[in-house]
Amino acid sequence: MTDLIEVRRAGPLTTVQDLGRRGYAHLGVPRSGALDPAALALANRLVGNPVSAAGLEITLTGCELRPTRAVTVAVTGADADVRVGPRPGDVGRALAVPAGAVLRLGPARDGLRNWLAVSGGIAVEPVLGSRATDTLSGLGPPPVRDGDRLPLGPWPGPPPPVDVTVGRPPTGELRLALRPGPRADWFTPDALDRLFGTPYTVSPVGDRVGARLTGAPLPRSVAGELPSEGIVLGAVQVPADGQPLVFLADHPTTGGYPVIGVVDDVTALAQARPGTTVRFHGPQR
């Protein structure tokens with residue numbers, strides 16, 4: 001009989017994620033994977049898994065799970081209440097969960113997402129070498145739903161002797177390093193001044209594909225349409241309304257709007273709630 005973890009409550013968006021399917025962009029397949037790969041890798045290390053094992057990425061409101069075998073779990077990311085049956089637990093600590101006990105992860109008190117690793121990993125069928133759910137292309141398993149029964153991999157052995165890890169403190173403002181190009185010449189000099197000199201706000205209209213920002217519109221110097229061209233992780237695309245969109249893990253591989261720049265590291269946007277202030281700066285500042 002296959003060991004399983006039963007999903008009693010999935011929340012608004014819980015997906016299976018690992019470190020993604022790298023190396024296929026030339027075939028039109030984006031990386032996908034955890035929005036904060038380091039957070040998932042830490043959770044895996046806490047339970048004794050390889051860092052590449054698949055876990056769950058959980059959005060905002062938490063979830064409830066019940067394993068059919070005794071497991072070790074670890075939750076990283078946003079601060080939230082964790083309970084194993086009646087017993088309280090902690091984010092950033094390995095927790096023993098007996099067979100049949102209910103693991104409850106409460107809503108995020110700050111930030112937006114949690115990553116949960118379970119000993120053995122989530123052993124759904126891999127696609128192109130990865131178990132990651134890509135919400136845009138549909139590759140990988142579908143988003144997790146109430147009542148799903150997810151297979152577990154073999155027990156990896158006891159977890160390492162780590163007591164607790166220290167999480168990142170929340171911040172009210174994000175500073176993102178951005179390199180102009182490849183289509184910065186499609187914008188007026190004033191557009192770059194605005195991009196680097198004024199704050200933007202994370203919009204409620206965002207997901208794993210991209211973080212939409214609102215603020216000073218970025219005027220173009222070149223009118224007309226741009227032929228579809230490649231898009232990379234962190235690309236800042238500017239649609240017709242002039243409001244920047246930062247592409248995240250499930251981004252497309254091509255796009256038709258000009259890209260004014262590329263953010264060096266988009267990890268911080270994984271925890272950016274709507275209303276978070278974002279400021280861009282050059283890579284050396």
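The model is a predicted one, in which local features need pLDDT of at least 70 and side-chain atom pairs count only at pLDDT 80 or more, while totals for chains, interfaces and linings use all residues. Residues are numbered from 1 along each chain as its sequence is written, and side-chain values use heavy atoms, with hydrogens and water left out.

I begin with the chain as a whole. The protein chain has 2 helices and 20 strands; these are DSSP runs numbered from the N terminus, helices being H or I with at least four residues and strands E with at least two. The radius of gyration of the protein chain is 20 Å, close to the 19 Å that the globule rule gives for 285 residues, so the chain is as compact as a globular protein of that length. That radius is taken over C-alpha atoms, and the globule rule is 2.2 Å times the number of residues to the power 0.38. Along its principal axes, the C-alpha trace spans about 60 × 40 × 30 Å. Of the 285 residues, 49% count as buried, where buried means under 20% relative accessible area, exposed over 50%, and partly exposed in between, with a 1.4 Å probe and protein chains only. Among contacts (heavy atoms within 4.5 Å) with a separation of 6 or more, 77% come from residues 24 or more positions apart.

Within H1, the residues Ala39, Leu40, Ala41, Ala43, Asn44, Leu46 and Val47 are buried. Their cover includes strands S2, S3, S5 and S10. After H1 comes Gly48, with a positive phi near 90°.

Ser32 belongs to the loop between strand S2 (14-17) and helix H1 (37-47). Is Ser32 buried or exposed? Ser32 is buried, its relative accessible area being 0%. Ser32 also has a positive phi of about 60°, although it is not a glycine. Its side chain makes a polar contact of 2.7 Å with the side chain of Asp250. A polar contact is a pair of N or O atoms within 3.5 Å; within protein, one must be able to donate a hydrogen and the other to accept it, and residues adjacent in sequence count only if both atoms are side-chain atoms. Leaving aside neighbours within four places in sequence, the contacts of Ser32 include Gln17, Arg21, Thr133 and Arg208.

A positive phi is also found at Leu128, near 55°. Leu128 lies in the loop between S10 and strand S11 (149-151), and is partly exposed, with a relative accessible area of 38%.

Another backbone feature is the peptide bond from Gly181 to Pro182, which is cis, with omega near 5°. Pro182 sits in the loop between strand S12 (173-180) and helix H2 (189-197).

Arg212 lies in strand S14 and is partly exposed, with a relative accessible area of 39%. Which residues does Arg212 contact, leaving aside its neighbours within four places in sequence? They are Thr201, Val202, Ser203, Val205, Pro244 and Leu245. Arg212 and Leu245 are 33 residues apart in sequence and 4.5 Å apart in space, C-alpha to C-alpha.
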